[in-house]
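Please view the sequence and the structure first, and then read the notes below them.

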Amino acid sequence: RFQVLVNIGNHFDLASSIFVAPRKGIYSFSFHVVKVYNRQTIQVSLMQNGYPVISAFAGDQDVTREAASNGVLLLMEREDKVHLKLERGNLMGGWKYSTFSGFLVFPL
């Protein structure tokens with residue numbers, strides 16, 4: 001679960017961890033995650049309407065804690081949904097030490 005620091009317009013639903021676009025436009029999203037165990041790979045994907053758009057991997061087998069990050073600009077329609085999905089592995093402290101950010105860059 002995420003701790004929401006800024007949610008102007010309340011378009012990020014904390015209960016479902018899903019961002020819903022309030023209008024058509026170009027949006028910027030980024031995320032940063034930390035894996036917890038060595039000999040493990042994590043994969044986190046940013047999902048748009050249920051489909052993976054980008055992923056980040058951390059898989060150094062000799063490192064206990066390792067970070068992975070990624071970011072993207074997306075063309076979104078009104079009501080499109082974006083969320084993060086842990087595809088593989090375990091995150092340090094669950095989502096506690098990870099971040100997810102998104103904002104409207106250019107309305108269309």
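The model is predicted. The protein chain contains eight strands and zero helices.

**Overall fold**

- From the N terminus on, the order of elements in the protein chain is β-β-β-β-β-β-β-β.
- The C-alpha trace of the protein chain spans about 45 × 25 × 20 Å along its principal axes.
- Buried residues make up 34% of the 108 residues in the protein chain.
- Among contacts in the protein chain with a separation of 6 or more, 70% are between residues 24 or more positions apart.

**The largest nonpolar core**

- The largest nonpolar core consists of 22 residues. Within this core, Phe-29, Phe-31, Val-33, Leu-46 and Phe-100 have the most contacts.
- At least two residues of this core come from each of the strands β3 (25-35), β4 (42-48), β5 (51-58), β6 (66-76) and β7 (81-88).
- Leu-46 has contacts beyond its neighbours within four places in sequence, and its partners include Phe-29, Phe-31 and Phe-100. Also in contact with Leu-46 are Tyr-51, Pro-52, Val-53 and Ile-54, as well as Val-72, Leu-74, Val-82, His-83 and Leu-84.

**The largest pocket**

- The volume of the largest pocket is about 640 Å³.
- Its lining is formed by 22 residues. Val-4, Val-6, Phe-100, Ser-101 and Gly-102 are the lining residues that lie nearest the centre of the pocket.
- Strand β8 (residues 99-107) provides the largest share of this lining, with six residues.
- By residue class, the lining of the largest pocket comprises 13 nonpolar, seven polar and two charged residues.

- Ser-28 is located in strand β3. Ser-28 counts as buried because its relative accessibility is 16%, under the limit of 20%.
- Leaving out residues up to four places away in sequence, Ser-28 touches Val-72, Leu-73, Ser-101, Gly-102, Phe-103 and Val-105.
- Val-53 belongs to strand β5. Its relative accessibility is 35%, and therefore Val-53 counts as partly exposed.
- Not counting residues up to four places away in sequence, Val-53 touches Leu-46, Gln-48, Val-72 and Leu-74.
- The C-alpha atoms of Val-53 and Leu-74 are 9.0 Å apart in space, while the two residues are 21 residues apart in sequence.

**Two loop residues with positive phi**

- Most residues other than glycine have a negative phi.
- Ser-17 has a phi near 60°, a positive value in a residue other than glycine. Ser-17 lies in the loop between β1 (12-13) and β2 (18-20). With a relative accessibility of 17%, Ser-17 counts as buried.
- Asn-49 also has a positive phi, near 55°, and is a residue other than glycine. Asn-49 is placed in the loop between β4 and β5. Its relative accessible area is 38%, so Asn-49 is partly exposed.

Definitions and conventions. Residues are numbered from 1 along each chain as its sequence is written. This is a predicted model: local features need pLDDT of at least 70, side-chain atom pairs count only at pLDDT 80 or more; totals for chains, interfaces and linings use all residues. Side-chain values use heavy atoms; hydrogens and water are left out. On a 1 Å grid over the protein atoms alone, a cavity is a set of points where a 1.4 Å probe fits but cannot get out, and a pocket is an open set with protein on both sides within 12 Å along at least five of seven lines; lining residues have an atom within 4 Å of a point. Grid points are joined across faces, edges and corners, and a volume is the space filled by probe spheres set on the points. Helices (H or I, at least four residues) and strands (E, at least two) are DSSP runs, numbered from the N terminus. Ala, Val, Leu, Ile, Met, Phe, Trp, Tyr, Cys and Pro count as nonpolar, Asp, Glu, Lys and Arg as charged, and the others, Gly among them, as polar. A nonpolar core is a set of buried Ala, Val, Leu, Ile, Met, Phe, Trp, Tyr and Cys residues joined through side-chain atoms within 4.5 Å. Buried means under 20% relative accessible area, exposed over 50%, partly exposed in between (1.4 Å probe, protein chains only). Contact means heavy atoms within 4.5 Å.
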